[in-house]
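Visitor: I'm new here. Could you show me how to read this one?

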Amino acid sequence: MESVTQESPTTPASVHSEPISHSSQAPIPKTGWLMERFAHWSIEQRVLAGFGLVFAGIVVISAISYRNTSVLLENSRLDTKSHELVQLLGSVEEALGAAESGHRRYLVTGDESYLKSYRATVEQMPEYLRYLRGLVNEGAEQRDRVERLERLITSQLKAEAGAIIQREKRGYEGVRHLALTGAAKNEIEEIHRLTTDLDMTEQRALHARVEESAGSTKNTIALLGLGAFLQLVLLASVYFLIHHDIAERRRVAAELQSRGELLQAANKELEAFSYSVSHDLRAPLRHIDGYAALLSKAAGETLNDKARRYLQTISNSAKQMGQLIDDLLVFSRMGRQDMLYTTVNLDQLIKTVLHDLRLDLQGRTISWTIHPLPNVSGDPAMLRQVFVNLISNALKFTATRPEAKIEIGAGPRTSGETEVFVRDNGVGFDMQYVNKLFGVFQRLHRNDEFEGTGIGLANVRRIIHRHGGRTWAEGAPDQGATFHFSLPLARSLR
Amino acid sequence: MTTVKPILLAEDNPRDAELALAAMEEHHIADKVVVCHDGAEVLDYLYCRGIFAAREQGNPVVVFLDLKMPKVDGLEVLRAIKNDANLKPIPVVMLTSSREERDLAQSYALGANAYVVKPVEFHQFITAVKELGIFWGVINEPPPESSDPSA
């Protein structure tokens with residue numbers, strides 16, 4: 001699957017890069033290289049890259065939004081301060097104005113009651129100024145103005161205080177020239193100018209901040225919108241991927257099921273087929289052999305040797321075909337039969353097999369070497385068939401030897417499997433044909449040399465494969481043969 | 001009731017029937033054999049109906065039953081026989097080509113008395129059929145005809 005997804009985009013990418021290298025040069029190859037790089041990525045890598053990109057976008061947007069919001073908060077704090085400052089400046093000016101007009105009326109009339117507002121201003125002023133200093137800690141220019149303002153206020157109040165003292169000492173005449181203009185005319189003008197400057201600067205800053213806030217609010221809204229969109233994209237792609245994955249899984253499951261059903265149907269058909277073979281193919285063979293026998297009985301006297309031999313051949317061929325059918329049915333059954341797993345004692349198994357084969361051993365000189373064998377996990381009936389076939393083979397192919405030597409043993413126990421071998425000193429085989437040994441109806445000897453249908457080793461291989469093991473053989477012409485099989489120690493079905 | 005009780009051979013294949021008869025002939029029991037060519041005919045014979053309506057009453061000494069037959073197959077015939085109180089005592093021997101475990105198990109489960117696989121080799125076949133004929137037709141004592149046929 002991976003190779004398919006990698007292969008298909010590569011082709012258009014490489015086709016694409018061809019005309020580029022011919023026609024134009026500098027900036028395009030870089031994107032071409034990127035595209036090619038991207039085209040080489042597997043679907044998982046692409047999905048990961050896409051998610052990474054979207055995720056990074058969301059993180060950046062969140063960071064910017066956070067910063068914007070912080071700015072907004074800060075601006076709103078500054079705005080409050082500015083408003084307070086403007087208000088305070090008004091109050092200060094009002095108080096100074098009240099003090100000025102109060103002291104002037106006192107200078108003219110000498111009525112002490114006019115000094116009430118002046119004294120209140122003098123009393124309040126330090127508090128006002130402290131408050132003012134607290135409100136203008138940003139901006140050197142403004143701070144400077146406040147300092148100057150402080151000085152002027154102090155000097156105005158001082159001048160007024162001086163005038164008041166003079167009035168007390170020298171009477172109206174002593175301060176007459178002051179009574180009209182006030183004691184601190186210059187300061188008052190300067191204070192007014194400074195206050196106006198302060199006020200205007202603050203208003204300007206306020207205005208700028210409002211603009212900035214509006215901009216960053218707009219910005220934030222746009223970014224949040226983009227973030228929401230990206231999150232939607234992320235969600236949608238997650239949904240799409242999950243949906244795709246589920247759909248794919250469903251499809252695979254459905255396919256598996258349909259294949260399973262097909263396989264079951266095929267198995268049923270095969271069963272019906274072999275059933276029919278066992279019933280219907282045997283009958284005509286029985287008839288051939290039967291009628292040949294009847295013919296031989298009815299006309300045997302009148303037939304010559306040649307004709308009798310023909311009849312015999314007909315009969316033999318029918319029998320042989322019957323044997324082939326039986327073997328084929330056994331072979332087919334070996335593949336379908338349910339397996340019963342138990343622990344099998346191979347030593348015991350060999351003993352029973354040799355007992356079963358005792359008729360074949362009659363009149364033979366055989367030297368047996370049977371090493372202790374391990375216990376294995378497997379189907380006892382099937383494993384028995386394996387040894388029957390291997391030992392029968394060894395007996396068959398040593399028939400021409402004056403003394404047959406047959407050795408059965410276990411190979412070195414490697415990790416995970418048990419190896420068993422059956423060795424004989426029989427006619428052996430050419431390693432060139434080793435691949436044909438275990439094939440169905442494959443024979444390495446002519447029928448007049450050694451009888452057989454060629455199903456034995458095929459059965460061995462099928463049984464061992466169903467146990468999850470392997471079969472192999474080695475030999476040389478006239479030097480004997482060794483057949484090996486392995487069985488996994490841990491049970492694994494096939 | 002003086003006549004010898006017949007052997008019923010259910011065999012749809014005329015060649016198999018002929019070979020079986022040839023085998024029994026050697027022991028002169030072939031004339032006791034009645035051949036039916038399908039399951040329906042077997043049931044007709046047993047219930048004395050159809051072409052066997054006029055036959056003499058009484059059960060056969062044994063039924064040799066092939067499994068695969070047209071119309072009504074061997075297992076169905078076997079089921080019919082073993083489900084009928086009157087016919088149940090008749091020994092039924094399955095004589096078939098099938099060596100399938102399934103057939104064996106089903107036949108015995110339905111109450112077959114024996115199951116014989118027809119050998120491909122004629123001599124073995126002849127021996128098998130001959131021995132079956134002699135055992136069931138001559139040596140074996142058939143069940144008594146207990147029930148009243150008119151009942």
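**Reading the helices**

Guide: Let's begin with α4(A), where the buried residues are A:Y118, A:T121, A:M125, A:L132 and A:L135. Helices are DSSP runs of H or I with at least four residues, strands are runs of E with at least two, and both are numbered from the N terminus. Keep in mind that this is a predicted model, where local features need pLDDT of at least 70 and side-chain atom pairs count only at pLDDT 80 or more, while totals for chains, interfaces and linings use all residues. Residues are numbered from 1 along each chain as its sequence is written, with chains lettered from A and ligands numbered from 1 in the order in which they are written.

Visitor: Where does a kink lie in α4(A)?

Guide: A bend is the angle between axes fitted to the seven residues ending at a residue and the seven starting there. In α4(A), a kink of about 40° lies at A:Q124, shortly before the proline A:P126.

Visitor: And at which residue does α5(A) bend?

Guide: At A:E168, by about 90°. The expected span of a helix is 1.5 Å times one less than its number of residues. Helix α5 of chain A, residues 140–174, has 35 residues, yet its end C-alpha atoms are only 43 Å apart, short of the 51 Å a straight helix would reach.

Visitor: What pattern does chain B follow?

Guide: Along the sequence, β-α-β-α-β-α-β-α-β-α, which comes to five helices and five strands. Buried residues make up 36% of its 151 residues.

Technical notes. A residue is buried if 20 or more other C-beta atoms lie within 10 Å of its own, exposed if 12 or fewer, and partly exposed in between; C-beta atoms are placed from the backbone.
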